[in-house]
Amino acid sequence: MKKFLCAFFAAVAAVCFLSGCKKQVDYLSFVSEKRSNIYLYSNDGFEIKIYVSERENPYSVDGIKGEVSDFCEIFVKLPTNYDEVNVSVAGIDGQMNYKSVENCYYLSTGASITGESVAVTLAYDGKSAEYTAVSVLYDGVISCEEAIKCAVEHDGELFASLTQRDVFLAEIMVRLLYDDGCYYYVGVCDREKRITAYLVDGERGTVIATKQIG
């Protein structure tokens with residue numbers, strides 16, 4: 001029995017040696033941006049969109065992950081434009097900036113929002129009104145982490161080529177998208193700032209499109 005155990009452990013050691021005993025790389029630890037939820041409201045010309053994320057600060061798409069913190073973006077479109085629009089939602093309060101290119105009001109903050117819906121109060125032109133923005137997530141939608149794993153399984157060769165000694169020489173951005181259903185953008189940016197982007201079906205967990213940028 002002792003000889004058998006010695007032979008067994010020797011065989012295991014040989015396998016580890018031949019394979020390099022490589023530790024599985026945790027690609028999730030190289031995520032520099034993660035948009036995990038979107039809240040929407042739309043009616044009678046009023047549109048509210050809220051992106052709930054975590055991302056590096058300062059934000060820089062350079063292939064290197066920085067320190068990550070909560071990040072929330074609020075977009076508002078009104079039937080008429082006003083000189084001043086203020087928003088209040090889940091403890092977030094502030095005056096919104098007008099973005100002429102998108103024709104909307106915008107506010108970003110280092111905070112987070114949770115729940116299936118959220119009350120949004122808009123104040124403008126001496127009056128205020130409350131709206132309910134609802135999360136686009138529904139049963140069956142995969143998580144940001146699962147979307148990244150889908151990209152890794154789909155293009156393992158790329159991920160392996162960017163991995164050296166258990167270090168991933170790139171950063172990963174994953175963003176929840178919504179267009180009559182949930183999707184994920186998964187972007188891999190290497191140190192040369194080249195981006196490989198994947199579009200992942202949020203229900204089936206499959207990559208449905210790939211694009212090279214840069």
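Modeller: We start with a term: two residues are in contact when they have heavy atoms within 4.5 Å. Keep in mind that this is a predicted model.

Biologist: Leaving aside neighbours within four places in sequence, which residues is Ile-74 in contact with?

Modeller: Setting aside those neighbours within four places, Ile-74 is in contact with Lys-49, Ile-50, Val-87, Val-89, Ile-92, Met-96, Tyr-105, Tyr-106 and Leu-107. Ile-74 itself is in strand 3, which covers residues 68–77. For one of its partners, Tyr-105, the C-alpha atoms are separated by 8.0 Å, although Ile-74 and Tyr-105 are 31 residues apart along the chain.

Biologist: Is Ile-74 buried or exposed?

Modeller: The cut-off for buried is under 20% relative accessible area. Ile-74 has a relative accessible area of 0%, so Ile-74 is buried.

Biologist: What is the relative accessible area of Phe-75?

Modeller: Phe-75, also placed in strand 3, has a relative accessible area of 19% and therefore counts as buried. Beyond its neighbours within four places in sequence, its contacts include Glu-47, Ile-48, Lys-49 and Cys-104. Phe-75 and Leu-107 are 6.8 Å apart in space, C-alpha to C-alpha, and 32 residues apart in sequence.

Biologist: Now the rings. How is a pair of aromatic rings described?

Modeller: By the distance of the centres and the angle of the planes. In the whole structure, a search finds 10 aromatic pairs. In one of them, the ring centres of Tyr-41 and Tyr-131 are 5.2 Å apart and the planes are at 50 degrees, so this pair is tilted.

Biologist: Which parts does the pair of Tyr-41 and Tyr-131 tie together?

Modeller: Tyr-41 lies in strand 1 (residues 31–43) and Tyr-131 in strand 9 (residues 127–135), so the pair ties together parts that are 90 residues apart in sequence. Tyr-131 is buried, at a relative accessible area of 10%.

Tyr-98 and Tyr-105 also form a tilted pair, with 5.2 Å from centre to centre and 55 degrees between the planes. Tyr-98 is partly exposed, at 40% relative accessibility, whereas Tyr-105 is buried at 2%.

Biologist: Which residues do ring pairs link into a cluster?

Modeller: The cluster consists of Tyr-27, Phe-30, Phe-159 and Phe-168.

Biologist: Over the face of which rings does Arg-55 lie?

Modeller: Arg-55 lies over the face of Tyr-59, at 4.2 Å from the ring centre. Arg-55 also lies over the face of Phe-71, at 3.9 Å from that ring centre.

Definitions and conventions
Residues numbered from 1 in each chain as written. Predicted model: local features only at pLDDT ≥ 70, side-chain atom pairs only at ≥ 80, totals over all residues. Heavy atoms only, no water. Phe/Tyr/Trp six-rings, centres within 6.5 Å; stacked < 30°, edge-to-face > 60°. Helix = DSSP H or I, 4+ residues; strand = E, 2+ residues; numbered from the N terminus. Buried < 20%, exposed > 50% of the residue type's maximum accessible area, 1.4 Å probe, protein only. Lys NZ or Arg CZ within 6 Å of the ring centre and 35° of its normal.
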